[in-house]
Amino acid sequence: MSRNVPDDVRARQRTGAGVGLLLTLVLAAVLLTALPDDDREGGAACEARTIASWSPHDALTAEFAHYGDDATRTDDWTGGDGTHSLRLPDGRVLWLFSDTYLGPVHAPPNPSGESYAWRDPTAPLVRNSAVVMSDGRLSTTLPAPLFPDPAPNQWRWPVAARVEPRSPGSSEQVVRVLLWTRAAGQAPWIYGVPLATEVATLSLPDLRVEGIARVSDQQRMPDPSRRVLFGTTLLTDGGWTYVFGGNDGQAASRPTSSAYVARVPAGGLADPAAWEYWDGSAWVTGSRPAPVLGDQRRTGVGSAFSVVRDEDTYVLFNMAAGARGLTTVTSYWACSPTGPWHGPTRSFSPPLPAGGVAAYNPQAHPDVGGKDRLVLSYDVNWLATTGASAQINGNVSLYRPRFVTLRLAAAR
């Protein structure tokens, strides 16, 4: 966290500055309308998909609550946001988080006499963490922060990750983790000025950080609202890894974020020269990408969204438009990663704890769900612009991911 930002603000920092509550959280960043019904790449047809049903995934939500409340260790995860996951070749699941609380959790009542487990206000708060799950149980928090700060008043937030060959054609596998590098800033950049997209390489099976490569440096772009960070979500298809990203859309002239997409051949995520960006008509290198969704004013997405492939259709999950963006997840569909994106289709409002809280950062976890059910997480935080730190520490269950399972089906 920035040493120049008050504690109440620091405690509300998000995965992606566009979801900050002082910047109206998701309200301005989730306005999305349907686009023309032609396919931008290849002309292939696909079937419209929508959320057919959903239900709370109480067991997975409870597992994170149980692990976070376990006081047998004082250096492990007790809460965080920016939830991403990756299944490793040996079957373990690596869970990645952005801002994370460590330290002990105390049994209720809290100092205010409420029946909540709580943590001391002096508990460590780090910029990123990683927790390992084995056989459905969280077992270990890797030394945190896993990814060190690149410089004073700068930090790294991990986002999407995948297992890939160490280099194209290699038989050795490594873990690649996309990172958002940000720097402390003044309003409207109190959640960090975007600097660059980086890729960390982790060895297998010990998950040791071998190195971090900068693949897209945005600092030459003078307007921070036009800087694009990649990695909010990724998927693989046909030998390519498609990496989605967005800008922050915090300038008054650009109140919404736009979605962008790049692609990288298998084994090339850590090689800046291997990245190709969609410029609106073709995949190019060394050129500024064009939005695949959003015009930076009337339409757009939140800076944290998720994309999966369901049969031949791509499905994007985002917070809904308007006031429902505090509580409601919706979806859009396309026949190509480059769009056009259609929707919104059916929305749903997952369970939230009582009080002044909001949901954000819907993320799909294909490696965790079953054959016909998709697991989706959403992060939760205190909504008020003041007192967030006291609320989060006074009730540790607030600042933790929740989970639902979804079934997708053809839209009728």
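Ala-358 has Asn-381 in β22 as its bridge partner. Strand β22 covers residues 374-382 and runs antiparallel to β21, with seven bridges between them. Two strands count as paired if DSSP finds at least two bridges between them. Strands (E, at least two residues) and helices (H or I, at least four) are DSSP runs, numbered from the N terminus.

This is a predicted model, in which local features need pLDDT of at least 70, side-chain atom pairs count only at pLDDT 80 or more, and totals for chains, interfaces and linings use all residues. Residues are numbered from 1 along each chain as its sequence is written, and side-chain values use heavy atoms, without hydrogens and water.

**The sheet**

An open sheet of four strands runs in the order β1-β23-β22-β21, with antiparallel pairing. The edges are β1 (49-56) and β21; each has a single partner strand, so one side of each lacks a neighbour in the sheet. Neighbouring strands are turned by 35° against each other on average, direction ignored. Helix α2 (residues 58-69) packs on this sheet and touches β1, β22 and β23. The direction of α2 makes about 155° with that of β23. Contact means heavy atoms within 4.5 Å. Axes are lines fitted to C-alpha atoms, for helices over the stretch in contact; angles run from 0 to 180 degrees between N-to-C directions.

**The pockets**

A pocket is an open set of points on a 1 Å grid over the protein atoms alone, where a 1.4 Å probe fits, with protein on both sides within 12 Å along at least five of seven lines; lining residues have an atom within 4 Å of a point. Volume is the space filled by probe spheres set on the points, which are joined across faces, edges and corners.

| Pocket | Volume | Lining |
|---|---|---|
| Largest | about 780 Å³ | 33 residues |

Val-308, His-365, Pro-366, Asp-367 and Leu-374 lie nearest the centre of the largest pocket. Elements giving two or more residues to its lining include β18 (306-310), β21 (357-365) and β23 (402-410).

**Confidence**

The protein averages a pLDDT of 86, and 86% of the residues score at least 70. pLDDT is the predictor's confidence in each residue, from 0 to 100. Over residues 1-43 the pLDDT is below 50. Where pLDDT is low, the predicted coordinates should not be read in detail.
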